[in-house]
Amino acid sequence: MANSKKRRKIRLNARGKAFLAGFCIIIILVAAIIIGINKAAGNQNTTEGSTLSSYASEQTLPSETVLPSPTPTPAPSLNVMGSIYSNEAILIDAETGVVLDEKNPDSVAFPASVTKMMTLLIACEQISDYDEVYPLPREIYDTLYYQDLSTAGFECNEPITINDLLYGLQLRSGAECCLGLANRVSGTEAAFVELMNQRAAELGMTNTHFMNCTGEHDANHYSTVRDMAILLQAGLQNAKFREVFTTNVYQTTPTVTHPGGLIIYSTLSQTMSTMDFEGGTILGGKTGYTSEAGQCLASVAKINGHEYILVTFGAYRQEGDTSSHLHTVDAINTYQALAGVL
């Protein structure tokens, strides 16, 4: 009897061990299945994430909202402009073209009468006899009658020379001089403007488009300070352009209308008590203004025997500010600061 009970107990212990072993195997299998499922799900999520990331990286803004990037240029090595009035400005070495400081140099803006630098350059390049007499025809004054543009003071059919027109354009910003030169070179202003745009393209003025030769406001007549600095740098390589651009007073040819000639002062020198500043001097410049463009100026200065070009657009008087010639203030302060660090 006792041996029977003992055998039963041994059999029960064997069954228990077998059950326990089987239970453990089942747990291990379940765990392996769960781990396998989680791993597969993780791989799927990773793949989907990579696909979404790749898709997102391939997307761009709609073509109509993508803006062109300005042409990359070396970062300016100086910081001499400070808090200038002008919205756009660029300072370059006139010899090398290296940018020394800048502010929104590729922002498209209205150049106003700074436009006339291109009119001057083309006239200097296209006309060889500067003593040629060219009386301004009646149609020029008919055109000017309907435009609010500055003039140098020449009369209709007055027997003035090409030289007088060049200086009248540059120093007094005379619109009649611009139109006269355009007629002399191309026959019409429209044909002359085609030459202006062609020359701009040749010089690499990629953000410039001219509609007239005077700088009269037009929504499609625009440029940048970088482009105008390129133009002025090129102009200064032309001997006649340089001569006219760096002159501050000129006496025109005597005529019956003006027996003593006209004495013309530059609009730039008249806005300044002196062209000199501590460390250098401003050699010349072309001013410009319209209500849409603000005060504009393209100038060249000499510091320690070396020339530098500064072009500024969009100077507006702030409320409470009594300064009247903000563009020249910007020029003097910038050139003086440059002289201080050279």
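Is valine 329 buried, partly exposed or exposed, and what is its relative accessible area? Valine 329 is partly exposed, with a relative accessible area of 29%, where buried means under 20%, exposed over 50% and partly exposed in between, computed with a 1.4 Å probe and protein chains only. The residue belongs to helix α9, residues 326-341, and its C-alpha lies 9.6 Å from that of threonine 271, although 58 residues separate valine 329 and threonine 271 in sequence.

The model is predicted, so that local features need pLDDT of at least 70 and side-chain atom pairs count only at pLDDT 80 or more, while totals for chains, interfaces and linings use all residues. Residues are numbered from 1 along each chain as its sequence is written, and side-chain values use heavy atoms, with hydrogens and water left out.

The chain has 9 helices and 8 strands, these being DSSP runs numbered from the N terminus (H or I over at least four residues for helices, E over at least two for strands). Of its 342 residues, 44% count as buried, and the accessible surface of the chain comes to about 18000 Å², 55% of it belonging to carbon and sulfur atoms, by the Shrake-Rupley method with a 1.4 Å probe. Among contacts (heavy atoms within 4.5 Å) between residues at least 6 apart in sequence, 64% join residues at least 24 apart.

Helix α2 can be followed through its surroundings. Because 9 of the 11 residues of α2 are buried, this helix is largely enclosed by the rest of the structure; the buried residues are Lys116, Met117, Met118, Thr119, Leu120, Leu121, Ile122, Ala123 and Cys124.

One partner of α2 (residues 116-126) is helix α4 (residues 162-172), and the two pack at an angle of about 160 degrees with their axes 10 Å apart, the axes being lines fitted to C-alpha atoms over the stretch in contact and the angles running from 0 to 180 degrees between N-to-C directions. That angle makes α2 roughly antiparallel to α4, since angles over 145 degrees count as roughly antiparallel, under 35 as roughly parallel, 65 to 115 as roughly perpendicular and the rest as oblique. The contact is made by Lys116, Thr119, Leu120, Ala123 and Cys124 of α2 together with Leu166, Leu169 and Gln170 of α4, and these residues divide into 5 nonpolar, 2 polar and 1 charged, where Ala, Val, Leu, Ile, Met, Phe, Trp, Tyr, Cys and Pro count as nonpolar, Asp, Glu, Lys and Arg as charged, and the others, Gly among them, as polar.

Another partner of α2 is helix α7 (residues 225-235), packed at an angle of about 30 degrees with the axes 10 Å apart, and α2 and α7 are therefore roughly parallel to each other. Here Met117, Met118 and Leu121 of α2 meet Met228, Leu231, Leu232 and Gly235 of α7, a set that divides into 6 nonpolar, 1 polar and no charged residues.

Some loop residues complete the picture. Tyrosine 85, in the loop between α1 (2-58) and β1 (86-93), counts as partly exposed at 23% relative accessibility, and its C-alpha is 9.3 Å from that of phenylalanine 313, 228 residues away in sequence. Asparagine 157, in the loop between α3 (138-145) and α4, has a positive phi of about 65 degrees although it is not a glycine, and is partly exposed at 49%. Asparagine 304, in the loop between β7 (294-303) and β8 (306-315), has a positive phi near 55 degrees and counts as exposed at 62% relative accessibility.
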